[in-house]
Amino acid sequence: MEEKLVQRLESAVARLEALSATGFRSGGSVVAGGDGTAVLDPSIIAFDDLRSQFLSKVLSAAEKIGGQVLDVSKIVEEAFEAQRELLIKIKETKKPDNSGLVEFLKPLNDVIVKATKMTEGRRSDFFNHLKSAVDSLSALAWIAYIGKDCGMSMPIAFVEESWQMAEFYNNKILVEFKNKDPNHVEWAKALKELYLPGLRDYVKSHYPLGPVWSATGKPAVSAPSKAPSPSAPAPPVPPPASLFSSESPQASSSRPKQGMSAVFDEINSGKPVTSGLRKVTDDMKTKNRFDRTGVVNAGDKEARMSSPPVSKTGPPKLELQMGRKWVVENQVGQKNLVIDDCDTKQSVYVYGCKDSVLQIKGKVNNLTIDKCTKMGIVFAGVVAACEVVNCNSVEVQCQGSAPTISIDNTNGCQLYLNKDSLEGSITTAKSSEINVLVPGAGPDDDWGEHALPQQYAHEYKDGHFVTTPVSHSGA
């Protein structure tokens, strides 16, 4: 306790000396407010304490590992530095509109985009580390909260919700390196502490209702819009949408209808249904055509047999049908699938997905995962049951309660349970490689891994068969 107090005092003295000597920050830019009052604000000092207490642990553990883990950890440090600069500027800036807010938060968004690029391309050996760090940076977007109508959760809840996706990959690190390398376990635990309780408690203490903008400060400058000249070349294809966007998604009612909805709309429009059909003349009828016979050439038959089979995979879907059932189908390589607007009267059906990650943020009635491969699913809880059927190499994490979990005809399933779901029952049939991971007794304890039996011995005793799981010893 005394050492921490001394460190905080030394840090405060160093900042005061730097301000009195030059009036500039370490980056060479003038301190917000001119007189350094923003830097000496209790909220900024507390943010510096947050970085020195929690972020330093992440960097210390990353230096022991090195490589990409150290690189992404430095980007996390850069993102927190960018947020500190924004918190200082907010104290002398008026509350902007949506377009002005996007431009104001651009430095932070640029760092997050830079981090996201590290997860693209060829999959790294430290992919879980990269995804855990990159996904965690979305928690810093709490600073974009400007009111209850902005479409975001309150800052405290937003930080907690944003960490849930990162925790999926963070838990993978804890399990993979539990008995291999304690440095990786230390890094994963330090990263979680940076956000929970670190950032969450900071926001709770200083900005529970969002950033406090200056009422008398200067207005935020929006990005200038320039009209293209007639001779100018066509603009390039726009990049993917940033984390902070001022444009709202297109309303479903304004989109053109497709499929059967479009067919019924055309039928009900009052126009003649057959107006667009072409008339079939006599010479076009099959019975009057002499250039076709019923004989199949051998060459045509061999060509048909040698042609590769056509894939029956349908288009990818993520939609709510009839207001009661969420359908997620044929998603391939999608790591950021999210269902956040759901309730206990709805069910979720996941079918034919591969190498993807789905997060269900609300509690639903029932969850079914069917014919999926290398699929990761995080769900808040279910009222009835969670079913895994005909799957290969899937990972399922329950963050709430699940009365029944059923695993049928599945090869390879990692099941992460919450303390609330330990009282439920797990049923398996025709399945192999089923591992269940449960949390430790304390918050800092490692997860316990348990393999469910897949081989049984049946003995005839007292007029009936007695079935027991087979246990193998190393003797």
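**Strand pairing, helix packing and nonpolar cores**

Strand 4 is joined to strand 6 (residues 364-370) by five bridges, and the two strands run parallel. In this pairing of the predicted model, V350 lies opposite I369 of strand 6. Strand 4 (residues 347-351) also pairs with strand 2 (residues 325-329), again in the parallel sense and over five bridges, and here V350 of strand 4 faces V328. The covered face of strand 4 consists of V348 and V350, whereas S347, Y349 and Y351 form the uncovered face.

Among the helices, the axes of helix 3 (residues 67-90) and helix 8 (residues 182-206) approach within 12 Å and cross at roughly 10°. Because angles under 35 degrees count as roughly parallel, helix 3 and helix 8 are classed as roughly parallel to each other. Helix 3 contributes V69, V72, S73, V76, F80, Q83 and L87 to the contact, and helix 8 contributes W187, L194, Y195, L199 and Y202. Ten nonpolar and two polar residues make up this contact of helix 3 with helix 8, with no charged residues.

The largest nonpolar core comprises 64 residues, of which F80, W142, W187, L194, Y195, L199 and Y202 touch the most other members. Several helices each supply at least two residues of this core, including helix 2 (42-65), helix 7 (155-176) and helix 8; helix 3 gives the most, with twelve residues. Neighbours within four places in sequence aside, F80 contacts F47, L50, R51, L55, L140, L194 and Y195. A second, separate core contains 33 residues, among them L337, L358, C386 and I434.

Definitions and conventions
Residues are numbered from 1 along each chain as its sequence is written. This is a predicted model: local features need pLDDT of at least 70, side-chain atom pairs count only at pLDDT 80 or more; totals for chains, interfaces and linings use all residues. Side-chain values use heavy atoms; hydrogens and water are left out. Axes are lines fitted to C-alpha atoms, for helices over the stretch in contact, and angles run from 0 to 180 degrees between N-to-C directions. Helices (H or I, at least four residues) and strands (E, at least two) are DSSP runs, numbered from the N terminus. Angles under 35 degrees count as roughly parallel, over 145 as roughly antiparallel, 65 to 115 as roughly perpendicular and the rest as oblique. Contact means heavy atoms within 4.5 Å. Ala, Val, Leu, Ile, Met, Phe, Trp, Tyr, Cys and Pro count as nonpolar, Asp, Glu, Lys and Arg as charged, and the others, Gly among them, as polar. Buried means under 20% relative accessible area, exposed over 50%, partly exposed in between (1.4 Å probe, protein chains only). Two strands pair if DSSP finds at least two bridges between them. A nonpolar core is a set of buried Ala, Val, Leu, Ile, Met, Phe, Trp, Tyr and Cys residues joined through side-chain atoms within 4.5 Å.
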